[in-house]
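Let's take a friendly walk through this model together. Have the viewer ready, and we will go one element at a time.

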Amino acid sequence: MSKEPVAVVGIGQTHHVAARHDVSIAGLVREAAQRALADAQLTWADIDAVVIGKAPDFFEGLMMPELYLADALGAVGKPMLRVHTAGSVGGSTALVASNLISSRVHSTVLTLAFEKQSESNAMWGLSLPVPFQQPLLAGAGGFFAPHIRAYMRRTGAPDTVGSLVAYKDRRNALKNPYAHLHEKDITLEKVQASPMLWDPVRYSETCPSSDGACAMILTDRAGAARSPHPPAWVHGGAMRSEPTMFAGKDFVSPQAGKDCAADVYRQAGITDPRREIDTVEMYVPFSWYEPMWLENLGFAEEGEGWKLTESGVTELTGDLPVNASGGVLSTNPIGASGMIRFAEAALQVRGQAGEHQVDGARKALGHAYGGGAQFFSMWLVGADEPAS
Amino acid sequence: MTAASPPEVLRAPLVVEFPFTRSLGPVQSAFLTGLRERTVLGVRTGDGKVLVPPVEYDPVTAEEIRDLVEVAPTGTVTTWAWNPSPRRDQPLKTPFAWVLVKLDGADTAILHALDAPGPESVHTGLRVRIRWAGDRTGAITDIACFEPYEGKTGEAAGPHEGRFADMVTGIIAPARLDYTYSPGRAQTRYINALSERKTVGERCPSCHKVYVPPRGACPTCGVATTDQVEVGPAGTVTTYCIVNIKARNLDIEVPYVYGHIALDGADLALHGRIGGIPYDQVRMGLRVEPVWTEGGRYPDHYRPTGEPDADYDAYKELI
Ligand SMILES: [Zn+2]
């Protein structure tokens, strides 16, 4: 029996900001869920199941959100699942929801991811004082910066490429009302003059700390037929993992990322991602990860990713816009960031991205990763129902 | 103990503790501020039930509910469990009963502590009242505990605006977990060897890679690592960053270099500080050796050996 096609018919986000002191976590997730329901013109009664994701529990000290948030998400009397895959969790959560529909377990599923970083402490959560172990010596960016230097050495990329990504993403964010950072007077000079925190990573090339939630309503073919707005169709989705540390791991371009992308492209019938995919929302916590992921995801040959960035291909006006929404560099509620990538990809192929719409986007890739490049999750969404 | 006995596996306490903040939102804000003012608030659901403590969303219909009502400080025990040995941060220091109390005017019960002389004095149906804390801040601990009460039944629930002067809008919720941590046999061997200033990794019998520090199993092959292999002491800087911001709890002057160092003979780089060289002269391929300080479990940092730099091809697979 073939799989049920899956459609995204509702998308909702909060206006991401540094701190939402006016709402509880329940109130925060509720906002995103209600916007998704309104977009789909559905009510709580139309939802068969709820699948939620969030950052690791120690980040915000919220254990078992699936218990606490059941009321706020209308889950009483319905199945409610929680997904847990570090920074990639927003993507994995959407894929679990998608699989519940493609396997015909449920018809319509609410999926949601969130984090209140203002009430979290990710750095503390990642550096618990484990006895006998050497304390982490370098802070959050210190984990990523050496891999970026390795990429620069491997490819010979000029050291300005990272600033080009940050400048682009921050300008894109100005067109996205939900983005956290709106740096109206941003210039490339300002990005390049920003303090070097973990050389080669500048302050301006790091992600902010945000409070926010993102929700989507996924449904089957019959649900899509009732949708008031054009749906985004899921053409492929996959997750892969590999250990955070092992001998032979390619920290610059992890094998699990390549395998995950290959699986998605196979499902979606994509043979030339650079030509067949119109836009990408990828998880770029530090600017240099754009060229790194362009290679890892097969949009460029190894060593060539930075050339796409440098030549403007990934600009909103380029022929492969990357992070038209402003990306993680402009908005980072960690637990929600992956789902925001998936949702923004869906907004693009629905033609609903507003000012940051990529003209004529028909196929878009959403990408998330996390846990020290341990977990990868991706989906490819299209404007047309996939051929079965 | 015979000479062949394996060494004791290391163990140590690990306390994970953090004061998380929580924004309360409108309903919890009213509830906790109310407790500060000796007022217990519930919320009325779509089907007319009064929930105490109140919630923001109707558990049946999922609708937003904001219809607050005041209930009595007296109520009835609906079930209980005796706690013979109170633990750290529990409401009472002496043995007490955990109770679910349905306050007069409420349809649901609230969990709290009951101060009672012994389990024989507690029963379902027992009438109780709130004993308020002397110093109230707008927290669930403003109810010090419940105590047995012989007086009359409280009034039925009445509407309440939920507004008070100086509303509490956030709380600090300390989280604390007490563990006994053990790094396991493989890391115990590694740590014990470090005390003799030796770095001992373990080789995978299947792929022959040498893991430092060893975890007891090869993460790629899924088999136990058994052969111990001394590596280093010298190694190669495979990549690094220059840290310009001071990390909390670390007494290191910035800027400093945080490097990935592949010790000679190891198949995975470990992380450490590079010193003994100006920070802007550190480079990939730099040959380094550990510098130990008295009493340090790990090398304090790594310094240049003075050897020529390693060829990129010699270490690029280890990046
Ligand atoms: Zn192995």
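Begin with helix α2 (residues 184–194) of chain B, which lies across β12 and β14 of chain B and runs at about 155° to β12(B). Here contact means heavy atoms within 4.5 Å; axes are lines fitted to C-alpha atoms, for helices over the stretch in contact, with angles from 0 to 180 degrees between N-to-C directions. Helices (H or I, at least four residues) and strands (E, at least two) are DSSP runs numbered from the N terminus.

A word on the basis: this is a predicted model, where local features need pLDDT of at least 70, side-chain atom pairs count only at pLDDT 80 or more, and totals for chains, interfaces and linings use all residues. Residues are numbered from 1 along each chain as its sequence is written, chains are lettered from A and ligands numbered from 1 in the order in which they are written, and side-chain values use heavy atoms, without hydrogens and water.

Under the helix heading comes the sheet: three strands of chain B form an open, antiparallel sheet in the order β13-β12-β14. β13 (210–211) and β14 (227–231) of chain B each have a single partner strand, so they stand at the edges with one side lacking a neighbour in the sheet. Strands pair if DSSP finds at least two bridges between them; β12 (residues 199–203) of chain B and β14(B) have five. In that pairing, Gly201(B) sits opposite Val229(B).
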